[in-house]
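Here is a quick look at a helix and at a side chain elsewhere in the chain. Have the model open as you read.

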Amino acid sequence: MKKVGIGLLGLGTVGKGVANIINNPNDRHPLVGELELVGVAVRNLQKKRDIIIPDSILTTNPIEIVTNPNIQIIVEVMGGIEPAKSLIIQAIRAGKSVVTANKAVIARHGEEISNEAKAAGVYVLIEAAVGGGIPIIEPVKQSLGGNQITKVSGIINGTTNYILSRMDKEGVDYADVLKDAQELGYAESDPAADVEGSDAADKIAILSGLAFGGSINRSNIPTTGINHLEAVDVNYARKLGYGIKLLAISEKDKSPSKTEGSQPLSIWVEPTLVPEDNPLAGVNGVNNAILVEGNPIGQVMFFGPGAGSGPTASAVVADILNIAGIQSMSEDNIFNLDPLLSAMSWRNCHVAEKKQITKKNYIRLIANDSPGVIGEIGTIFGKKKISIESIVQFDVTDEEAEIVVITHKIQQGQLEEALLEIKNLSQVKRIAATMGCL
Ligand code: NAP
Ligand code: HSE
């Protein structure tokens, strides 16, 4: 078999992991030995790298890679929106299949890229874009295709899960742990994407599109990260029998659609209290876990390392092998069959407004430690038909009390109205935190 030429766009955390696998094929699937690294684009040729790549295949000009006739598969692992998106499209138009780990590009421009790929008769595979090393894209796209999917949820950002786990277990500072996550290669080049929740929002947009069969308007997903999370909430959550995880949730909305013929979905990203006996509570460190619920499968959980060089490279190489395997079946490189079931929209979906999301909530209020304050808060919740699961008063200092309320499942619109009234109570100083709760 003729070697399959691979062009790498990027030789950072993920790129190095991919090059390491291709350069060390021993004891792996025989197809790995048929891959050849033909070109590698980087930003800085002078950078010291802990991998040996011949100078002759390194370039700072990615266009050379996407137009090289000896390359059949382009692996985009440079990150960012541009020039990554344009390079992917150029590669497709040059008749090359593309493997990318770039969830930011796919969540925003996936439909355009998919249409280009269909027109050119090539594949764009994205296994590494969600869940790091966990095979989740192909299972959602193919293995679960016979199900009516009702919900996809879980922990899909490794950096924040690593930070939250260490804050919880060691009581260490947020900033120090973030630095460690960056050094370990987990964080995005701009870690704001991790800690502000936007990386998780990109990933849940991609999963929702595949699971529910319609493209998702990424910008409509209500997103809260862990950057405003206070240690006191981690502490109170623990006292109440919960851990805190950054969850991404996407579920079929049961309320009637306002947009004719369109499937409404509630999708959101938010720090969430998870009961200690919930399987997600035991998912720690850089690990991710994704729960997929549907009919008739019930619930399946996908678990494993959600970021890092080796795990992410494992997912990238799986995609390369899938494409290389199909190419080896087809001498002229024209795919007549589609064993990989290319991503396809088969209905319209729309993201429901935040006020329509129905969930349990954790609320922490700072109030005067005066008689009757809990009663007044309870009365407002009652008036708004919000049923309370528990209300607890914690630390009292300098006449101040911290009151933690956990509600039953309610619509966010109801909660917003109630909190507006509660904020205006003379005894209430501020609403210090709101989060989701399972
Ligand atoms: P990274 O360590 O920052 O590496 C980026 C690489 O791309 C570097 O080698 C850089 O060159 C090169 N590069 C950037 N812009 C370039 C340009 N304009 N022209 C040529 N080369 C350019 O990033 P990473 O962590 O590997 O992440 C890469 C992608 O994978 C991102 O989309 C990320 O979201 C995704 N991803 C990452 C992980 C993870 O655990 N890190 C997991 C899943 C998905 P220099 O080396 O010369 O600077
Ligand atoms: N920064 C991302 C994370 C990389 O921490 O999950 C994996 O997509």
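What follows takes the helix, then the side chain.

## Ground rules

This is a predicted model, so local features need pLDDT of at least 70 and side-chain atom pairs pLDDT 80 or more, while totals for chains, interfaces and linings use all residues. Residues are numbered from 1 along each chain as written, chains are lettered from A and ligands numbered from 1 in written order, and side-chain values use heavy atoms, without hydrogens or water.

Helix α4 covers residues 103-120; helices here are DSSP runs of H or I with at least four residues, strands runs of E with at least two.

After α4 comes Gly121, with a positive phi near 70 degrees.

## Arg364

Arg364 belongs to strand β13 (residues 358-368). Is it buried or exposed? Arg364 is buried, at 2% relative accessible area (buried means under 20%, exposed over 50%, partly exposed in between, with a 1.4 Å probe and protein chains only).

Its side chain makes a polar contact of 2.7 Å with that of Asp233 and another of 2.6 Å with that of Glu402. Such a contact is an N or O pair within 3.5 Å; within protein, one atom must be able to donate a hydrogen and the other to accept it, and sequence-adjacent residues count only if both atoms are side-chain atoms.

Note on methods. The expected span of a helix is 1.5 Å times one less than its number of residues.
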